[in-house]
Amino acid sequence: MKAFKTVKGLVAPLDRANVDTDAIIPKQFLKSIHRTGFGPYLFDEWRYLDHGEPGQDCSGRPLNTDFVLNDNRYKGASILLTKANFGCGSSREHAPWAILDYGFQVILAESFADIFYSNCFKNGILPIVLKSDQIADLFRAVEAEPGFSLKVDLASQLITKDSGISIPFALDDYRKYCLINGLDEIGKTLSYKAEIATFEKQHRQAKPWLFKEVI
Amino acid sequence: MNTKTLYDKLWDDHEVRRNEDGTSLLYIDRHLIHEVTSPQAFEGLRLNQRQPWRTGANVAVPDHNIPTKDREQGIKDPISKLQIDTLANNTRDLGITNFDMSDSRQGIVHVIGPEQGITLPGMTIVCGDSHTSTHGALGALAFGIGTSEVEHVLATQSLVQEKSKNMLIRVDGQLKPGVTPKDMILAIIGELGTAGGTGYAIEFGGETIQNMSMEGRMTVCNMTIEAGARAGMIAVDETTINYVNGRNFAPKGDEWKQAVDYWQTLHSDTDATFDKTLVIQASNIQPMVTWGTSPEMVVSVDGTVPDPEGHPKADQVRSALKYMGLKPGMPVTEITFDKVFIGSCTNSRIEDLREAAGIIQGRTIAKNIKLALVVPGSGPIKAQAESEGLDKIFLSAGFEWREPGCSMCLAMNDDRLEPGERCASTSNRNFEGRQGPGGRTHLLSPAMAAAAAINGHITNISSEYGN
């Protein structure tokens, strides 16, 4: 995983609450056995007027011009601004894969669904929870200023803008540590290999039925 | 003093270590695998030259993509076939048991776990699927994970987790006849909202739950995630133990006795405290139906579609009504259907099929219903239903009787809605496009879906039960 230090980029506003992972990446794209290549299909049903299929070349597909990401103003955005309960529903990690593959590295929202929030950190995406009035202010600012960009710095946990915006954000220490170092969590857990093995041995002695083979 | 909740007990019994930042490393007893969220995890293991920590902890089954008819012809969609073959190859290479399409035990992952005794009380159970919360009905800690965590569990038999807060949902009294566990959980989601459970593990308790069958409890825990909580759970009691007894992979003999002794401790202590408690009166719950594009957009069958004017979530209501093609203020009983789906990890168990067949018996589906599907949750459920003659009831009414799988719940196979089609569905999500692009989903109970098939529109089934 790529280490996350600082992201400076254009902010795209997605003014909807309860955006579910089915909307982020529809089911037909879940048939892929790879982690990459989902970006062109991000928000597929909102973004295009036709029905998309996996592997399809999206360059000639009819765009839904009412959908915010199709507005030229937000081309190349790396920060997604949205509302409450983003990423609810299915646990599909294809959702953060699609978001990252499209180019977003930061998501600013009032709240996130638990599984999606956790999945973001495994993929080098920084999901940031802000208060609803802060989110509302940002929506207004993005609307008012074409090219509205922000700088998000993980080490100092600050969102800033040259014009004076400075918003601190909270983050769990372990997640910050893994993200900032681009750490492979499995490698870190395996450093506790002996502890897992000791636990497992005691667990097996106390509850042997848990270790029965399923054939 | 004994003050632990059921969740606290399950957590403490699996905590390998507590990290400095307050997260814990939890030991995972059972890992269920399906074809959609696992290929990238297996690939990750290979790239890093890692082996599964404990092969026997894993059980796999294809369910999401699998065809529900003409199976002898194989899987026609080459992309689906590749994914299912990839699961077969990955599990074979690593020696992981896979109930493939030809195995009589194949079915929806959350149905076959409890059915086979693969998932048991007291276990930590994970799967790359959000409806893993289903297994909490057994008195287990069960939750959905992403693909990175699937790889983490395969490699380390553990997960780094932050402990959730405790919520108790107590349901007092008796459900009225014709009101099912599905109606109860839909009513709860309506009250809590789709994010009301975020950050919590929810325990369901109270008289209504105590009197509920295991099938009903699974329906309730299954949809906990629709209220935002990763895990739902119910204390172990006689109903749980009787359900587990004799299952294929349940403990036997002395181990059974030892296990039951432990399982009987799996309930919240009388002095346990919860961060949040919600009390619901069962007798207030009516048959429920969703009208919108989120499970919280739900109303009782005698209600009307909301009006966005003056509504606290006016924008969301307006956008949902537009997608759903419904008028504000219309009675929900005027909603008519094109298709009916009885199935999914929420409602495809034998009790669900009996409930639907009870309504359908001797009747036929309405003319406006283009397709009515019954998709049993597993091979054994299908066989059981056939031995009871339920298949005949469905078939003679005009339903199709299919092979087990996720089917039209998420429409990854050929079972789907066409744009604009409206479906009465016993599944768990009414998101835009969930059952097919442009499709419109109304969630309801198997009995309500059956009545919708017969009458062609939403019907208040209370009258069938003399309410």
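The contact between the two chains takes 52 residues from chain A and 61 residues from chain B, two residues being in contact if their C-beta atoms, placed from the backbone, lie within 7 Å. On the side of chain A that touches chain B, at least two residues each are supplied by helix 1 (21–24), helix 4 (114–121), helix 6 (173–181), helix 7 (185–190) and helix 8 (193–206) of chain A. Helices (H or I, at least four residues) and strands (E, at least two) are DSSP runs, numbered from the N terminus. Helix 8 of chain A gives the largest share of this side, 5 residues. By residue class, the side of chain A that touches chain B comprises 22 nonpolar, 12 polar and 18 charged residues; Ala, Val, Leu, Ile, Met, Phe, Trp, Tyr, Cys and Pro count as nonpolar, Asp, Glu, Lys and Arg as charged, and the others, Gly among them, as polar.

The model is predicted: local features need pLDDT of at least 70, side-chain atom pairs count only at pLDDT 80 or more, and totals for chains, interfaces and linings use all residues. Residues are numbered from 1 along each chain as its sequence is written, while chains are lettered from A and ligands numbered from 1 in the order in which they are written.

A:Phe121 lies in helix 4 of chain A. This residue counts as buried because it has 23 C-beta neighbours inside 10 Å; the class requires 20 or more other C-beta atoms within 10 Å of the residue's own, with exposed meaning 12 or fewer and partly exposed in between, C-beta atoms being placed from the backbone. Apart from neighbours within four places in sequence, A:Phe121 is in contact with A:Arg175, A:Cys178 and A:Leu179. The C-alpha atoms of A:Phe121 and A:Ala136 are 25 Å apart in space, with the two residues 15 apart in sequence.

Chain B has 15 helices and 19 strands. Its radius of gyration is 21 Å, which agrees with the value near 23 Å that a compact globule of 467 residues would have; the radius is taken over C-alpha atoms, and the globule rule is 2.2 Å times the number of residues to the power 0.38. The C-alpha trace of chain B spans about 55 × 55 × 45 Å along its principal axes. Of the 467 residues in chain B, 61% are buried. Among contacts in chain B with a separation of 6 or more, 77% are between residues 24 or more positions apart.

One open sheet of chain B has 5 strands in the order 5-4-3-6-7, with parallel pairing; two strands pair if DSSP finds at least two bridges between them. Strand 5 (97–98) and strand 7 (141–144) of chain B stand at the edges with a single partner strand each, so one side of each is left without a neighbour in the sheet. Strand 3 (residues 30–33) and strand 4 (residues 58–60) of chain B are joined in the parallel sense by 3 bridges, and B:Leu32 has B:Val59 in strand 4 as its bridge partner.

Another open sheet of chain B consists of 4 strands in the order 11-10-9-12, also with parallel pairing. Strand 11 (231–233) and strand 12 (276–281) are its edge strands, each pairing on one side only. Strand 9 (residues 165–172) and strand 10 (residues 200–205) of chain B run parallel and are joined by 6 bridges, with B:Lys165 partnered by B:Tyr200 in strand 10.

In helix 13 (residues 379–387) of chain B, B:Pro380, B:Ile381, B:Lys382 and B:Ala385 are buried. Their cover includes helix 4 (109–116), helix 12 (350–360) and helix 14 (390–397) of chain B. Just after helix 13, B:Gly389 takes a positive phi of about 80°.
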